[in-house]
Amino acid sequence: MQTKNSLSSLVWFPALLAALLSAGCESDAPAARPSPNSSARRWIGPLVSVPGGDQFRTVIYYGPWQCNSELMTYCQRKCGGIGHTLQGCMWLADINFDFDGRLMQAGSRFPMTNCCCSYGTISPSATNAASMRWNDMRDSFREDFAKRFGQSPADPDGTPYQGHHVHDLWHGGNPTDWNNIIPFPRDLHQDLFGLYNQCYAGNPPWNSAGPRLPYVK
């Protein structure tokens with residue numbers, strides 16, 4: 001049996017995993033730079049055993065894509081709630097947890113989304129200091145990721161994925177918050193700087209909603 005419930009929080013590590021293991025849930029994600037029929041880059045984690053003899057697997061599909069109307073609304077509320085306006089919305093990745101239990105099978109889909117609010121930028125020295133804090137924890141982040149999800153993502157040649165800050169450091173993102181970091185393939189990560197600039201500038205396609213789903217599995 002598979003149960004599907006909506007998740008409203010974007011916290012995707014311990015809290016989401018605990019919810020998945022207790023109830024099995026699905027958060028329907030948004031939408032599209034590729035068309036809804038296209039494939040997406042993905043990372044497939046190993047099966048991880050949990051107490052009681054059950055297992056789960058993490059699969060991450062990578063964009064970025066436009067947000068769908070649901071996430072666009074979420075970001076409008078988030079920005080407005082902290083006194084900012086929404087300039088764009090970028091859905092970075094779709095995280096899937098597949099749970100294989102003795103009594104049920106369940107799955108969760110969960111969007112990692114950058115709400116491009118009208119944040120001010122911080123100074124170069126403050127950005128550099130934040131980057132140094134991230135550099136100091138990079139290795140421990142990868143080690144902790146591997147402990148929680150069975151493996152730290154890497155390219156076929158063994159090169160570790162780079163850590164991407166969803167709320168970027170230049171706009172004041174927290175450099176060491178687990179819920180603000182996602183492993184990202186190096187080549188895709190290098191494109192994000194220019195795309196973030198477009199999003200914060202309110203440029204298309206990030207200023208409008210796209211289709212509901214961006215890829216097929």
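Reader: Hi! How many salt bridges does the structure hold?
Author: Hello! This is a predicted model, and it holds 1 salt bridge.

Reader: Which side chains meet in it?
Author: Those of Arg41 and Asp187, with 2.7 Å from N to O. The pair links distant parts of the chain, 146 residues apart: Arg41 belongs to strand S1 (residues 41-44) and Asp187 to helix H4 (residues 186-200).

Reader: Switching to the largest nonpolar core, which residues touch the most other members?
Author: Ile60, Tyr62, Met90 and Ile182 do, in a core of 47 residues.

Reader: And where does the largest share of this core come from?
Author: From S4, which supplies 8 residues. Strand S4 covers 86-100, and the other elements giving two or more residues include strand S3 (54-66), strand S5 (105-117), helix H3 (124-149) and H4.

Reader: Nice. Now pockets: how much space lies in the largest one?
Author: About 440 Å³.

Reader: Which element gives the most to the lining?
Author: H4, with 7 residues.

Reader: Last one, my friend: what is the lining like by class?
Author: There are 10 polar, 7 nonpolar and 3 charged residues in the lining of the largest pocket.

Methods: Residues are numbered from 1 along each chain as its sequence is written. This is a predicted model: local features need pLDDT of at least 70, side-chain atom pairs count only at pLDDT 80 or more; totals for chains, interfaces and linings use all residues. Side-chain values use heavy atoms; hydrogens and water are left out. A salt bridge is a side-chain nitrogen of Lys or Arg within 4 Å of a carboxyl oxygen of Asp or Glu. Helices (H or I, at least four residues) and strands (E, at least two) are DSSP runs, numbered from the N terminus. A nonpolar core is a set of buried Ala, Val, Leu, Ile, Met, Phe, Trp, Tyr and Cys residues joined through side-chain atoms within 4.5 Å. Buried means under 20% relative accessible area, exposed over 50%, partly exposed in between (1.4 Å probe, protein chains only). On a 1 Å grid over the protein atoms alone, a cavity is a set of points where a 1.4 Å probe fits but cannot get out, and a pocket is an open set with protein on both sides within 12 Å along at least five of seven lines; lining residues have an atom within 4 Å of a point. Grid points are joined across faces, edges and corners, and a volume is the space filled by probe spheres set on the points. Ala, Val, Leu, Ile, Met, Phe, Trp, Tyr, Cys and Pro count as nonpolar, Asp, Glu, Lys and Arg as charged, and the others, Gly among them, as polar.
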